[in-house]
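Please look through the structure below before reading on.

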Amino acid sequence: MLWIPIDRTLDIPLKRQVYEYIRKLILDGELKAGEKLPATRECASQLGISRNVVIEAFEQLLAEGYIVGQQGSGTFVAEGAFLEQMQDERTTTLEISEECIQEKGVIDFRSGIPALDIFPRKDWGRLAKDVCLEAPDYAFGYDHPEGRLELRKILSQYLRRTRGVNCHADQIVITSGATQAFSLITKLLLSQGDKVIIEDPITNEIQTIFTSTGATLIPIPVDEQGMRTALLSDGEKPKFIFVTPSHQFPLGSILPIQRRIQLIQYARVNECYIIEDDYDSEFRYDGEPISSLQGLDSERVIYVGTFSKNLSPALRMGYLVLPQALIERCRSLKWFHDLHTPSLNQMLLARFIEEGLLERHIRKMRKVYMKRREVLREALIREFGHSGEISGDSTGLHLIAEFKGIEFTEDLIERLYQNHVKVYPVEHHTIHKGRHVNKVILGYGNLREQEIEEGVRNLRKVLGN
């Protein structure tokens, strides 16, 4: 029998409670590798909840690698999902105080751009007026560098509920977009000659920010399960490891629990941090968003988030969730950067989240993006058949298209552009060149269905010649 305490008074869905309790038992080793879990029907009956709740919880555990299903035998705890807790690990109880230019006639498959025409203008405008009229006089003066307390409190609750992030308001620093967050991390942790372990491929902009201090990048290749953590070397002594575990950019893979544990153990042994870039994982189409890496070790992982993908890049609103040891230094650096992120925007965003409008918008947009993803997939299959492969499309606003016998050179990219379609080679984001020359990133978030189909037809016209 698997007894799970269910509390219907909590602001946490029942499926999340079931998932988190079983996940903790597995991570703590109370449920051991190979141990069989009860059938979903039996479990639901014992707990007095719907069987669908248990099924969805099990599906999430299966997606993240905690459990495995064996046809005709049942569901079992997976190997390698036990994470030993450090003896000196402390739990804090502190609770304190691109602009996108659309070329006329060109179908631009740029990734990371949400549907700008479906921004919730009416709700945002109403709240903007209310905030401006109701804000106290001091809100129009200089503010705290870490951000306004009401936003940090609401954000900590939102991240705990939706992403499994373990933090309090004092651990959050509000930034002017994720780019500033990465710049702060660079100034906080890196100096000339330092080393950074990083996924390969990874966004070129991140590489540029980290190497701006003279740091050296140590690339670790990515496969269909994310960073190949088995290739980590103890001799490197990096300052930090940079990963996009919930939706690797650009290839789209998800880092399973076994590799997450390897990553944390490596960081503990080498006394370095892990930077978790969680840029668009809320838009997962085959279940709940993957839980954060930060939730496994809040003192080793620095969590970076942004509202550019789930709302709008124009807001320039991001955040850092920091281990206790880095909070004060990061606040000082933020002050030197720009004093603070605009206060009224923070107050407005806090109201937007508090009233449930952000989660409502995300639910709406998940349906929109799922439809656009399917239109893109169907168009690629229709135009290219077996000569193309699609991957990395379980989450987010882009997918990877791979074409046999095609090399996306600069000349080919220019030819495509002249035929009114703009695509982005994976190779532009690689450190070791030559491994992904036949792959392109196709973003669909800000393209209407008709534009997607037209863009794929234009792509076929050029690649088919």
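Predicted model: local features only at pLDDT ≥ 70, side-chain atom pairs only at ≥ 80, totals over all residues.

Helix 6 (residues 177-189) packs with helix 9 (residues 327-338) at an angle of about 120°, their axes lying 10 Å apart. On the side of helix 6 the contact is made by Gln 180, Ser 183, Leu 184, Lys 187 and Leu 188, while helix 9 contributes Arg 329, Cys 330, Leu 333, Lys 334, His 337 and Asp 338. Of the residues in this contact, four are nonpolar, three polar and four charged.

The salt bridges come to a count of 25, and the table lists some of them.

| Pair | N to O distance |
|---|---|
| Asp 123 and Arg 126 | 3.8 Å |
| Glu 134 and Arg 351 | 3.4 Å |
| Arg 268 and Asp 297 | 2.9 Å |

Asp 123 and Arg 126 are three residues apart in helix 4 (residues 121-134), and so are separated by about one helical turn; Asp 123 is buried at 18% relative accessible area, whereas Arg 126 is partly exposed at 37%.

Glu 134 of helix 4 and Arg 351 of helix 10 (residues 343-354) tie together parts that are 217 residues apart in sequence, with Glu 134 exposed at 54% relative accessibility and Arg 351 partly exposed at 22%.

Arg 268 is buried, at 12% relative accessible area, and Asp 297 is also buried, at 5%.

Through shared partners, salt bridges join Asp 123, Arg 126, Asp 130, Glu 134, Arg 351, Glu 355 and Arg 360 into one network.

How values were computed:
Residues numbered from 1 in each chain as written. Heavy atoms only, no water. Axes fitted to C-alpha atoms, helices over the stretch in contact; angles between N-to-C directions. Helix = DSSP H or I, 4+ residues; strand = E, 2+ residues; numbered from the N terminus. Contact = heavy atoms within 4.5 Å. Nonpolar A, V, L, I, M, F, W, Y, C, P; charged D, E, K, R; others polar. Salt bridge = Lys/Arg side-chain N within 4 Å of Asp/Glu carboxyl O. Buried < 20%, exposed > 50% of the residue type's maximum accessible area, 1.4 Å probe, protein only.
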